Amino acid sequence: MSEIVLSDVCKHYGEVVAVQSTSLRIGEGELVTFLGPSGCGKTTTLRMIGGFVDVTAGRILVGGTDVTRLPPAKRNMGFVFQNYALFPHMTVAENVAFGLEMRKIGKAEIADRVKTALSRVRLAHLADRLPKQLSGGQQQRVALARALVIEPTVLLLDEPLSNLDAKLRQEMKTEIRLLQKSLALTTIFVTHDQDEALSVSDRLVVMSAGKVEQIGTPRDVFERPASAFVADFMGFTNLVPVKVEGHGRGQLRNGMAIAIDKESPIRGEGLLALRAEHMSLSSKPVSSDVNTTEATIEALTYRGSFVDYLVRLDDETRLQVRGEAQSPFAPGQRTFVAWQPDAGTLVAAGQA
Ligand code: ATP
């Protein structure tokens, strides 16, 4: 049993509220990612679960057992740190064996388990090397083997890929996910990288300023952000003020009537979140079932296979729109910006 339940958990450092009262449930075998910008409280939350930071208030349960006051060694959790934290004077095998020796396990069993853990991360052939004789990706695998060898109930990963180059990051991301699934290991992954979070997780917990903004599947969070903050963080580069009139109708600040999401509960002042790549530019208005408004090209950035335009509506609203690289628009030119009604998602007006 390895379901994790956080019940009104918070952390204060004097006046600083690192984590506001948070309640959430992570199911057995699930991989949940804490995602958010630097300082939002994701590491503190992970460390409270691991027992490295005391909670100010609230309870943490694992498999129904209250672990809130237990020291890290008594929680049976595997932890992978951002900087790996390998012992430099110990070989790969000794690093991996360390946790088992602390648990007073017999020599033969240790040898067996170290071998299994190292082959799981494809490092059996490097068992006798020292950490400094390994590449970054190999060191990361040792850290992973060391966390897995204790047969943890829960695996905690704190920005495990941030020290790797882009190619290795991609490889390790896939390896971690395959390993986690094959062992059905309840896992929490901390990152500030949305691509990483989207591709490894069953669910995301998006945090901002010590508070959970949204919990959902990668698709929920990417397509239906719950707040202006989440929309902005997930790449909706345009947050356009809109008066929501209901029945799928709304009005931009320039008075233009637009079609919007019929299902949205938002009424009155709201923000229409739009991705640059879901909008287009044309020299003439497009068909009437597509939202279209006139604008002026302000600037453009050539990006190889596409061009990013900054355009200005007549009410001074600025929008980022992605266009084709061969597109003929130039700064100062008048244009029409268009988007399908279902390309926009409504969020409550508020701080992004
Ligand atoms: P990063 O990605 O930069 O590691 P994070 O989202 O993991 O950021 P935390 O490390 O959890 O953020 O920090 C949350 C907040 O708590 C920050 O404002 C931080 O300055 C503060 N904080 C963390 N540890 C302490 C401490 N020991 N004393 C005082 N404030 C702290």
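**Exercise 1. In which helix does Asp195 lie, and is Asp195 buried or exposed?**

Before starting, note that this is a predicted model, in which local features need pLDDT of at least 70, side-chain atom pairs count only at pLDDT 80 or more, and totals for chains, interfaces and linings use all residues. Residues are numbered from 1 along each chain as its sequence is written, and side-chain values use heavy atoms, with hydrogens and water left out.

Solution. 
- Step 1: Asp195 belongs to helix H6, residues 194-200. Helices (H or I, at least four residues) and strands (E, at least two) are DSSP runs, numbered from the N terminus.
- Step 2: the relative accessible area of Asp195 is 51%, so this residue is exposed. Buried means under 20% relative accessible area, exposed over 50%, and partly exposed in between (1.4 Å probe, protein chains only).

**Exercise 2. Check the span of helix H3 and work out which of its residues are buried.**

Solution. 
- Step 1: H3 covers residues 107-120, which is 14 residues, and at 1.5 Å a residue it should span 20 Å. The expected span is 1.5 Å times one less than the number of residues.
- Step 2: the end C-alpha atoms of H3 are 20 Å apart, in agreement with that value.
- Step 3: Ile110, Arg113, Val114, Ala117 and Leu118 are the buried residues of H3. They lie on the same side of H3, because their arc around the axis is only 130°; the arc is that of the directions from the helix axis to the C-beta atoms.
- Step 4: the spacing follows a general rule: an α-helix has 3.6 residues a turn, so residues three or four places apart point the same way.
- Step 5: Ala108, Asp112 and Lys115 are exposed on the other side of H3.
- Step 6: the cover over the buried residues of H3 includes helix H2 (92-102) and helix H4 (136-148).

**Exercise 3. Find the residues other than glycine with a positive phi, Arg122 and Ala209, and locate them.**

Solution. 
- Step 1: most residues other than glycine have a negative phi.
- Step 2: Arg122 has a positive phi of about 60°, and this residue lies in the loop between H3 and H4.
- Step 3: Ala209 has a phi near 45°, in the loop between strand E9 (203-208) and strand E10 (211-216).
- Step 4: Ala209 is exposed, since its relative accessible area is 56%.

**Exercise 4. Which residues surround the ligand, and which helix gives the most to the shell?**

Solution. 
- Step 1: the surrounding residues are Tyr13, Ala18, Pro37, Ser38, Gly39, Cys40, Gly41, Lys42, Thr43, Thr44 and Glu159; a residue counts if one of its heavy atoms lies within 4 Å of the ligand.
- Step 2: helix H1 (residues 42-50) gives the most, with 3 residues.
- Step 3: oxygen atoms of the ligand lie 3.0 Å from a polar backbone atom of Gly41, 2.7 Å from an N or O atom in the side chain of Lys42, and 2.5 Å from an N or O atom in the side chain of Thr44.
- Step 4: on its own the ligand has 640 Å² of accessible area, and the protein covers 58% of that. Accessible areas come from the Shrake-Rupley method with a 1.4 Å probe; for residues, only the protein chains shown count as cover.

Notes:
Contact = heavy atoms within 4.5 Å. Polar contact = N/O pair within 3.5 Å; in protein donor to acceptor, adjacent residues only side chain to side chain.
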